[in-house]
Amino acid sequence: MALLNVITSMQQCNIHCFAIFVAMILSLSFASAETHYHQFVVEAAPVKRLCKTRNIITVNGQFPGPTLEARDGDSFVINVVNAARYNVTLHWHGIRQMRTPWADGPEYVTQCPIQPGASYTYRFKIENQEGTLWWHAHSKWLRATVYGALVIYPKLGVPYPFPMPEREIPILLGEWWDRDIISVLRQSKFTGAAPNVSDAYTINGQPGDLYRCSKKETTKFNVRSGETVLLRIINAALDQELFFTVANHMLTVVGNDAAYNKPFQTMVIMLGPGQTTNVLLTANQPAGRYYIAARAYATAQNAPFDNTTATAILEYNNFLSQRPLMATLPRFNDTATATAYTSQVRSLSSGKVFTRIDENLFFTVGLGLVNCQPGPRCQGPNNTRFAASMNNVSFVFPRRTSLLQAYYQNIGGVYTTDFPRVPPVAFDYTGNVSRGLWQPRFGTKLYKLRFGSNVQIVLQDTAIVSTEDHPMHLHGYHFFVVGQGFGNFNPRRDTARFNLVDPPLRNTINVPVGGWAVIRFVADNPGVWLMHCHIDSHLTWGLGMAFLVENGIGELQSVAAPPPDLPPC
Ligand code: C2O
């Protein structure tokens, strides 16, 4: 009937309105969202890096793992088969997982791990998100090698808010250990000391020219003179914040953590582990070869770090000189450059930040030391073991079941909901902290949020052991970063300076070294959501906590039923 109407009215239609009909029919047939099916086999595979071949854990034998692609509104069905010898889970970093916390992935938080030989299917939908995200293992330190890009394009027919690039290039920055990462983890857990630092950084899995036995395999990106490319840069490093630059080329920053920002230009960007940045690069330099480089932004005092530089090569199609042009990167402790960069990030769209706050929270983030009997298990500074905490609670993951299952099935004794809304003792957080405050308490404490409440969190770094820039990641949400600064947060002085007009929207925020960051979000996604430092060694020491967001009213505001194949513990 409708079709008949269309046809009759088409007969009375001139050529202009005919074009409109065609466009309408095309958009009707293409607008429908797709479901993307994948199988991810987690398995060991031999890889040669830095002159040595060894087995690493991969997905489908690939390193980095496969790139997932979808459009906003699409769904994923990813069947994960564990053919490795370790328990594993996968996390879709930055995907909001509205009502589907069961697919989020952090082990013992939203699921029990997939045991060797077992499988689990992650099912989730992308709702109102576009940009660059990524996926990674969320189990032990397996994400050192188990990670890949997750690219979300706009809905069909919807353009980018910038000129269409001629090419898109995902760039995954990683961190490589000569030793098996699980043995590095075991050793540091045993000794209580800081883990071995990495032996190399990598760009799309390759360390590049400046390392032994790596030159031939250096990652190359080809560009044509004059074209503009979109670089989707992901910091997938396990523990290290990184500076990134391209020799002689200006970068136009257009997005962060799958949110667009007002474009601005810079020579260097900085990303904490977990963060992504989209930049446009125009190949407007003399045809040649140019280094792309990444190295550490390391802020902890007197702490060892991997001081090497990863490189890749940007190669023009008609290049003349063979030798790549070297890139200049800031010094490892150049906080001024890091800050100058981050303070320029502003949301593209404005005016959506709430001003009525229901939950005003203040969380310290920082390290700690636990005193112990001198011996092999007490090799941290001055006979201690390293720890870390938020509001003096060093987070302990349950083992019996996941937090989400304990909540959903009403299993007692797994967690408590008394995570403190402010530190138990107020002190000069970034000053000279008395030794009596260095030792945290261990616990599995959640903070309960009413559905729909407006939440503000002040994240305050501490000088315990050392101040340090911590990349704090919140699962299940993205949040506005309304303010950042150095020293102790001062509500009188700092609140007045908040950006409530166009603050950046992110899922991971670098809390400045010896400083603070303030974030806001509406608790509109029920479930149990981990918030943690994305430096894996810090998370292992306890730098995390979890929110329990209660259901609202009705099915659309409630956690969906758990999938039947949810792994048992
Ligand atoms: Cu990217 Cu809790 O993780």
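Are Arg-506 and Asp-257 buried or exposed? Arg-506 is buried, and Asp-257 is buried too. The model is a predicted one.

Arg-506 and Asp-257 form a salt bridge. Their closest N and O atoms are 3.0 Å apart. The pair links distant parts of the chain. Arg-506 belongs to strand β28 (residues 505-506). Asp-257 sits in the loop between β14 (251-256) and β15 (259-266). The two residues are 249 residues apart.

## Further salt bridges

The model holds 15 salt bridges. One of them joins Asp-502 and Arg-346, with closest N and O atoms 3.3 Å apart. Asp-502 is in the loop between α6 (491-495) and β28, and Arg-346 is in the loop between α4 (335-342) and β20 (359-371), so this pair ties together parts that are 156 residues apart in sequence. Asp-502 counts as buried because its relative accessibility is 10%, under the 20% limit. Arg-346 has a relative accessible area of 35% and is therefore partly exposed.

Asp-418 pairs with Lys-445 in another salt bridge. Here the closest N and O atoms are 3.2 Å apart. This pair also links distant parts of the chain, 27 residues apart. Asp-418 lies in the loop between α5 (403-408) and β23 (441-443). Lys-445 lies in the loop between β23 and β24 (446-449). Asp-418 is partly exposed, at 45% relative accessibility. Lys-445 is partly exposed as well, at 23%. Elsewhere, salt bridges that share partners join Arg-167, Arg-224 and Glu-227 into one network.

## A positive surface patch

Arg-85 comes from the loop between β4 (75-82) and β5 (90-93). Its relative accessibility is 66%, so Arg-85 counts as exposed; the cut-off for exposed is over 50%.

## Helix α3

Helix α3 spans residues 181-191. Its buried residues are Ile-181, Ile-182, Val-184, Leu-185, Ser-188 and Thr-191. Which elements cover the buried residues of α3? The cover includes β21 (384-390) and α7 (536-540).

Asp-306 occupies the loop between β18 (289-296) and β19 (309-316). Asp-306 is buried because its relative accessibility is 5%, again under the 20% limit. Which residues touch Asp-306, leaving aside neighbours within four places in sequence? The contacts are Val-197, Ser-198, Asp-199, Ala-200, Tyr-201 and Ala-296.

Lys-52 is 254 residues from Asp-306 along the chain. The C-alpha atoms of Asp-306 and Lys-52 are separated by 19 Å.

## Backbone features in loops

The peptide bond from Phe-63 to Pro-64 is cis. Its omega is near -10°. Pro-64 is in the loop between β2 (52-59) and β3 (68-71).

Two asparagines deserve a look. Asn-128 has a positive phi of about 55°, although it is not a glycine. Asn-128 is in the loop between β6 (119-125) and β7 (131-137). Asn-128 is exposed, at 65% relative accessible area. Asn-391 has a positive phi of about 45° and is not a glycine either. Asn-391 is in the loop between β21 and β22 (393-395). Is Asn-391 buried or exposed? Asn-391 is buried, because its relative accessible area is 1%.

## Pro-286

Pro-286 is placed in the loop between β17 (276-282) and β18. Pro-286 has a relative accessible area of 58% and so is exposed. Val-229 is 57 residues from Pro-286 along the chain. The C-alpha atoms of Pro-286 and Val-229 are 16 Å apart.

How values were computed
Residues numbered from 1 in each chain as written. Predicted model: local features only at pLDDT ≥ 70, side-chain atom pairs only at ≥ 80, totals over all residues. Heavy atoms only, no water. Helix = DSSP H or I, 4+ residues; strand = E, 2+ residues; numbered from the N terminus. Buried < 20%, exposed > 50% of the residue type's maximum accessible area, 1.4 Å probe, protein only. Contact = heavy atoms within 4.5 Å. Salt bridge = Lys/Arg side-chain N within 4 Å of Asp/Glu carboxyl O.
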